[in-house]
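Biologist: Could you walk me through how to read a few features of a structure, one at a time?

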Amino acid sequence: MRRAAVACLFAAALAVGARGAQAAHEVAITFDDLPIAGVLPRDAASSLELTTKLLRAMTAHHVPVVAFVNENKLHSADGAVDPERVVLLQRWLDAGVELGNHGYSHLDLHATPLDQFEADVVRGDAITRQLAGVRGRPLRFFRHPFLHTGRDLETRAQFERFLTARGYRVAPVTIDNDEYIFAGAYDRALARGARDAAARVADAYVPYMEAKVAYFERNARELFGRDIRQILLVHANMLNADRFGDLAAMFERRGYGFITLDRALDDPAYQSADTYVGGGGITWLHHWALTKRLPKAFFAGEPETPAWVAELARP
């Protein structure tokens with residue numbers, strides 16, 4: 001009965017996502033670093049609380065999500081699979097979320113030989129593929145850790161051929177941000193018992209994200225002369241567990257409809273030429289701009305993380 005109810009909720013989310021196609025703007029929301037992210041370790045109870053709160057907020061706002069897994073986080077220190085961590089992934093699946101591959105151990109393609117990186121990708125879908133398969137769902141998307149896509153075009157092409165052979169499609173990002181720094185500051189403030197500081201971080205989070213959204217909207221219009229279907233990257237951390245509802249409400253206030261990653265990728269913008277091979281992990285909007293050799297002025301004005309937030313995030 002519980003699974004039937006979850007299925008109904010998921011169908012409702014997709015229906016609202018479809019209606020979002022009529023909105024003034026559209027965004028697909030993706031989460032990285034499942035089952036949970038953060039700078040501090042969490043026990044099973046805290047991890048379950050984080051997951052439950054985050055999924056509840058996503059369901060309340062009818063957000064279709066693809067979430068990317070690092071399977072090394074499913075293993076305990078002795079190398080055994082931890083059933084309590086696997087349960088967290090099952091919760092995401094029960095909520096109708098599609099899971100993707102983020103590499104077993106979040107390796108950096110720019111610092112790892114390609115054969116080792118590919119082996120980490122293969123290792124990274126063993127449990128996730130089984131869990132999704134029980135529900136009749138394939139694994140379809142891969143997200144590059146650090147958004148590092150390769151330091152040369154041949155490596156990029158080889159790796160993308162490898163992904164295609166395994167049935168994967170790259171999941172790009174157009175709205176990147178330093179949300180993880182806010183999340184680190186939030187976690188550390190709470191761990192120190194500094195609740196006022198944690199509240200200040202949380203209160204600053206959504207305004208910062210809105211400034212980022214406005215910046216990347218501008219980038220898209222300058223590149224394409226129109227709004228595109230955006231793709232947001234965030235993480236499965238406690239800050240989002242506590243404030244994702246506010247984040248979703250910000251998008252709604254700006255006229256956004258929440259859409260699937262499939263619908264976002266149907267936008268012709270994602271077929272743009274992309275020869276970026278720099279060292280930075282940057283958005284695909286900036287990949288395309290650098291491919292077009294746009295002037296530095298295009299990149300000006302990106303909102304920065306406040307210095308006081310970065311200071312609170314320090315160990």
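Biologist: Let's begin with a proline. Where is proline 35 found?

Modeller: Proline 35 sits in the loop between β1 and α2. Keep in mind that this is a predicted model. The peptide bond that leads from leucine 34 to proline 35 is cis, and its omega is near 15°.

Biologist: Now to helices. How are two packed helices described?

Modeller: By two quantities, the angle between their axes and the distance between the axes. Take helix α2 (residues 44–60) and helix α3 (residues 83–94): they pack at about 5°, and their axes are 10 Å apart. That angle is under 35 degrees, so α2 is roughly parallel to α3.

Biologist: Which residues of α2 and α3 meet there?

Modeller: From α2 come Ala44, Ser47, Leu48, Thr51, Thr52, Leu54, Leu55 and Met58, and they meet Glu84, Leu88, Arg91 and Trp92 of α3. Sorted by class, this contact has 7 nonpolar, 3 polar and 2 charged residues.

Biologist: At what angle do α3 and α5 pack?

Modeller: Here the angle is about 40° and the axes lie 11 Å apart, with α5 spanning residues 126–134. The angle therefore makes α3 oblique to α5. The crossing of α3 past α5 is right-handed. On the α3 side we find Val86, Leu89, Gln90 and Leu93, which meet Thr128, Leu131 and Ala132 of α5. Those residues divide into 5 nonpolar, 2 polar and no charged.

Biologist: Let's move to pockets. How much space lies in the largest pocket, and which residues lie nearest its centre?

Modeller: Start with the volume, then look at the lining. The largest pocket holds about 460 Å³ of space. Its lining counts 22 residues, and nearest the centre are Asp33, His106, Phe146, Tyr180 and His235. Two or more lining residues come from each of β1 (25–34), α7 (179–191) and β6 (230–235). The largest share is that of α7, with 4 residues. By class, the lining has 9 nonpolar, 9 polar and 4 charged residues.

Biologist: And what is the volume of the second largest pocket?

Modeller: About 390 Å³. It is lined by 16 residues, and Glu160, Val170, Pro172, Tyr270 and Trp284 are the closest to its centre. The elements that give two or more residues to this lining are α6 (153–165), β5 (169–170) and α11 (284–291).

Biologist: Which element gives the most to the lining of the second largest pocket?

Modeller: That is α6, with 4 residues. The classes in this lining are 8 nonpolar, 4 polar and 4 charged.

Definitions and conventions: Residues are numbered from 1 along each chain as its sequence is written. This is a predicted model: local features need pLDDT of at least 70, side-chain atom pairs count only at pLDDT 80 or more; totals for chains, interfaces and linings use all residues. Side-chain values use heavy atoms; hydrogens and water are left out. Axes are lines fitted to C-alpha atoms, for helices over the stretch in contact, and angles run from 0 to 180 degrees between N-to-C directions. Angles under 35 degrees count as roughly parallel, over 145 as roughly antiparallel, 65 to 115 as roughly perpendicular and the rest as oblique. Contact means heavy atoms within 4.5 Å. Ala, Val, Leu, Ile, Met, Phe, Trp, Tyr, Cys and Pro count as nonpolar, Asp, Glu, Lys and Arg as charged, and the others, Gly among them, as polar. A crossing is left-handed if the near helix is turned anticlockwise from the far one by less than a right angle, and right-handed if clockwise. On a 1 Å grid over the protein atoms alone, a cavity is a set of points where a 1.4 Å probe fits but cannot get out, and a pocket is an open set with protein on both sides within 12 Å along at least five of seven lines; lining residues have an atom within 4 Å of a point. Grid points are joined across faces, edges and corners, and a volume is the space filled by probe spheres set on the points.
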